[in-house]
Amino acid sequence: MPETMKPMDIEKRSFEIITELLGDRVLAPENELVIKRVIHTTADFDYADSLCFSEGAVERGIAALRGGCDIVTDTQMARAGVNKTILGKLGGEVRCFMSDPDVAEEAKARGVTRAAVSMERAAALEKPCVFAVGNAPTALLTLCQLMAAGRLSPALVIGVPVGFVNVVESKERLLGSGAPCIVARGRKGGSNVAAAICNAMLYQIMR
């Protein structure tokens, strides 16, 4: 019979195993807990190599979250995965406009994706935001366009969409934008990865 363990003990042991399996691999201290949280979520050690961080990205994200910023996601799945209890205590909330009927109507009328319209809606928010994109490359491309036009200055952009069409291209454009960002290079990513990165920063605040 497998040993019965408490949830916190399971997580602690999981992180110990991750550290053991990373072996002699040295991770940048400021990024280590984010990388390990993503590996813990996915059981995929490729993220130790594919996660890229602009200078001071995690520090900037933590400062913004500590200051009560909101998190904007491109999927309801990512929104569901973010620890809203901690975020709420800090004065922030998770926003996702993808299911709003008027967003769907506008996207259809303009012939664009709901993700693109959602990012435009988010750009109009008065509060500073961390953007967590785990599914839609059009969301990342729209964010890059908004930033280039001077319509948006995000606290941090988490660019980890998964898939095959425009995924790699959108991530590389974000990396070249000069914005503070955390990016999973290549085709891998997902809403769970986006939420895991947000949670890694939130958990560091509450440690």
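**Close-up views of a predicted model**

View 1. A search of the whole structure, which is a predicted model, finds 0 disulfides. A disulfide needs two cysteine sulfur atoms within 2.5 Å. Cys-144 is likewise in no disulfide, as the nearest cysteine sulfur, in Cys-181, is 8.7 Å away. Cys-96 has a relative accessible area of 11% and is therefore buried. Cys-144 also counts as buried, because its relative accessibility is 8%. The cut-off for buried is under 20%.

**View 2. Helix H9 and its surroundings.** Helix H9 covers residues 137-148, 12 residues in total. From its first C-alpha to its last it reaches 17 Å, close to the 16 Å expected at 1.5 Å a residue. Of these 12 residues, 9 are buried, so H9 is largely enclosed by the rest of the structure. The buried residues are Pro-137, Ala-139, Leu-140, Leu-141, Thr-142, Leu-143, Cys-144, Leu-146 and Met-147.

**View 3. Thr-75 in a loop.** Thr-75 sits in the loop that runs between strand E2 (70-73) and helix H5 (76-81). Is this residue, Thr-75, buried or exposed? Its relative accessible area is 12%, so Thr-75 is buried. Setting aside neighbours within four places in sequence, the residues in contact with Thr-75 are Cys-96, Met-98, Asn-135 and Ser-191. Cys-96, a cysteine from View 1, is therefore among the contacts of Thr-75, where contact means heavy atoms within 4.5 Å. With Ser-191 there is also a polar contact from side chain to side chain, at 2.8 Å.

**View 4. Packing of helices H1 and H2.** Helix H1 (residues 7-22) packs with helix H2 (residues 29-42) at an angle of about 110°, and their axes are 10 Å apart. H1 and H2 are therefore roughly perpendicular to each other, a term that covers angles of 65 to 115 degrees. On the H1 side, the contact is made by Glu-11, Ser-14, Phe-15, Ile-18, Thr-19 and Leu-22. On the H2 side, the residues are Lys-36, Arg-37, Ile-39 and His-40.

Key:
Residues numbered from 1 in each chain as written. Predicted model: local features only at pLDDT ≥ 70, side-chain atom pairs only at ≥ 80, totals over all residues. Heavy atoms only, no water. Helix = DSSP H or I, 4+ residues; strand = E, 2+ residues; numbered from the N terminus. Expected span 1.5 Å × (residues − 1). Buried < 20%, exposed > 50% of the residue type's maximum accessible area, 1.4 Å probe, protein only. Polar contact = N/O pair within 3.5 Å; in protein donor to acceptor, adjacent residues only side chain to side chain. Axes fitted to C-alpha atoms, helices over the stretch in contact; angles between N-to-C directions. Parallel < 35°, antiparallel > 145°, perpendicular 65-115°, else oblique.
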